[in-house]
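Morning, everyone. I have one model to walk through, so let me put it up.

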Amino acid sequence: MSDASRTPRPKSEPRFPDGPQPDPAGSHFERRIRSFQPRRSRVTQGQADALQRLWPKWGLDIDGQRTLDLAELFEADIPVVLEIGFGMGEATAEMAAADPDTGILAVDVHTPGQGNLLNLADRAGLSNIRVANGDAIILLREMLTPDSLAGLRVYFPDPWPKKRHHKRRLIQPEFLTLAASRLRPGALLHCATDWEPYAEVMLEVLSAHPDFENTRPTLPDAAGDHVTGYAPRPDFRPLTRFEAQGLDKGHVVNDLLFRRVPHGTNSGPDSPGT
């Protein structure tokens, strides 16, 4: 049935009754400046079918009202990596297929992308992907326990290029402190961006944070007058179609690979629910 032939849905009725909710955390938590902006675009029939069929099995709404048991969520005691912002999910599905012994908890607010990733996982027979809908900050702060994550991936976050919007950028000292409290020692924080000014800020903020160390420390180049703390794109991060198009146009993509240092005197934020 085409979209045009469907009976209009009342505004009070959920778009996907058994799928992701429009605002899962509701008004339970404080209003604050967010690093993301919900994107409204058309959901295809295949994506809608995947959301209706697979969300109860592999999806979760970030409501901030419970603490997740990741072993129960993935039905296996495996290391879990959190991915914040996955777009349409092609790279996420490819990474999950290449490393089936690692769980990927993938967070986004883009409904078509959520449906597409569920569809890709189902078609490829992947059981190590879970799709979370909502605010990753609430997920980290309220629903994940200390040292529960084996890694964190933030690929091509919104750069918020206008100066007045820089406060919306995700990679900030406060976010890193929260993330560090949920990452086990030795866990890898991997960021990638094609916006060079944002890459420079990421490198500066991460390098200054006491809970992280650069796996590619800043060293002079052959000329002795230029330093770099960026890493080559690791093999486990797929080259996306969007990224390849940008590279063809001369865009520069920077990867940053930082490791969670062993616990020291920093206590980080309180555990969930406190």
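I will take the sheet, then the annotated site, then a few loops and the cores.

Ground rules. This is a predicted model, where local features need pLDDT of at least 70, side-chain atom pairs count only at pLDDT 80 or more, and totals for chains, interfaces and linings use all residues. Residues are numbered from 1 along each chain as its sequence is written, and side-chain values use heavy atoms, with hydrogens and water left out.

Start with the sheet. Eight strands form an open sheet with mixed pairing, in the order β1-β4-β3-β2-β5-β6-β10-β7. Strands are DSSP runs of E, at least two residues; helices are runs of H or I, at least four; both are numbered from the N terminus. Two strands pair if DSSP finds at least two bridges between them. At the edges stand β1 (59–61) and β7, each with a single partner strand, so one side of each has no neighbour in the sheet. From one strand to the next, the twist averages 20°. Axes here are lines fitted to C-alpha atoms, for helices over the stretch in contact, and angles run from 0 to 180 degrees between N-to-C directions.

Now the pairings. β2 and β5 run parallel, joined by three bridges. β5 also pairs with β6 (residues 183–193), again in the parallel sense, over six bridges. There, Val154 stands opposite Cys191 in β6. Glu213 stands opposite Arg259 in β10.

Helices next. α4 (residues 111–124) packs on the sheet and touches β3 (103–108) and β4 (129–133). The direction of α4 makes about 170° with that of β4. α7 packs on the sheet too, touching β6, β7 and β10, with its direction about 15° from that of β10. Contact means heavy atoms within 4.5 Å.

Which residues does UniProt list for "binding site"? The unreviewed entry gives Glu83, Asp108, Asp135 and Asp158. UniProt positions are in the numbering used here, feature names are shortened, and annotations may be inferred rather than shown by experiment. The four span 76 residues in sequence, yet no two of their C-alpha atoms are more than 14.3 Å apart, so they gather at one spot.

Is Glu83 buried or exposed? Buried, at a relative accessible area of 2%. The cut-offs: buried is under 20%, exposed is over 50%, partly exposed is in between, with a 1.4 Å probe and protein chains only. Glu83 lies in β2 (residues 80–84) and stands opposite Arg153 in β5. Beyond four places in sequence, Glu83 touches residues including Thr92, Met95, Arg153 and Tyr155.

Asp158 sits in the loop between β5 (149–155) and α6 (173–182). Asp158 is partly exposed, at 37%. Phe156 is in that loop, between β5 and α6. Phi of Phe156 is near 55°, a positive value in a residue other than glycine. Most residues other than glycine have a negative phi.

Six of the seven residues of β5 are buried, so β5 is largely enclosed by the rest of the structure. For α6 the count is seven of ten, so α6 is largely enclosed as well.

His209 is in the loop between α7 (196–208) and β7 (212–214). His209 is buried, at 7% relative accessibility. The side chains of His209 and Thr177 make a polar contact of 2.8 Å.

Last, the cores. A nonpolar core is a set of buried Ala, Val, Leu, Ile, Met, Phe, Trp, Tyr and Cys residues joined through side-chain atoms within 4.5 Å. The largest has 42 residues, of which Leu82, Leu105, Leu139, Leu152 and Phe175 touch the most other members. A second, separate core of 19 residues includes Leu51, Leu54, Ala121 and Val131.

That is the tour. Over to you.

How values were computed
A polar contact is a pair of N or O atoms within 3.5 Å; within protein, one must be able to donate a hydrogen and the other to accept it, and residues adjacent in sequence count only if both atoms are side-chain atoms.
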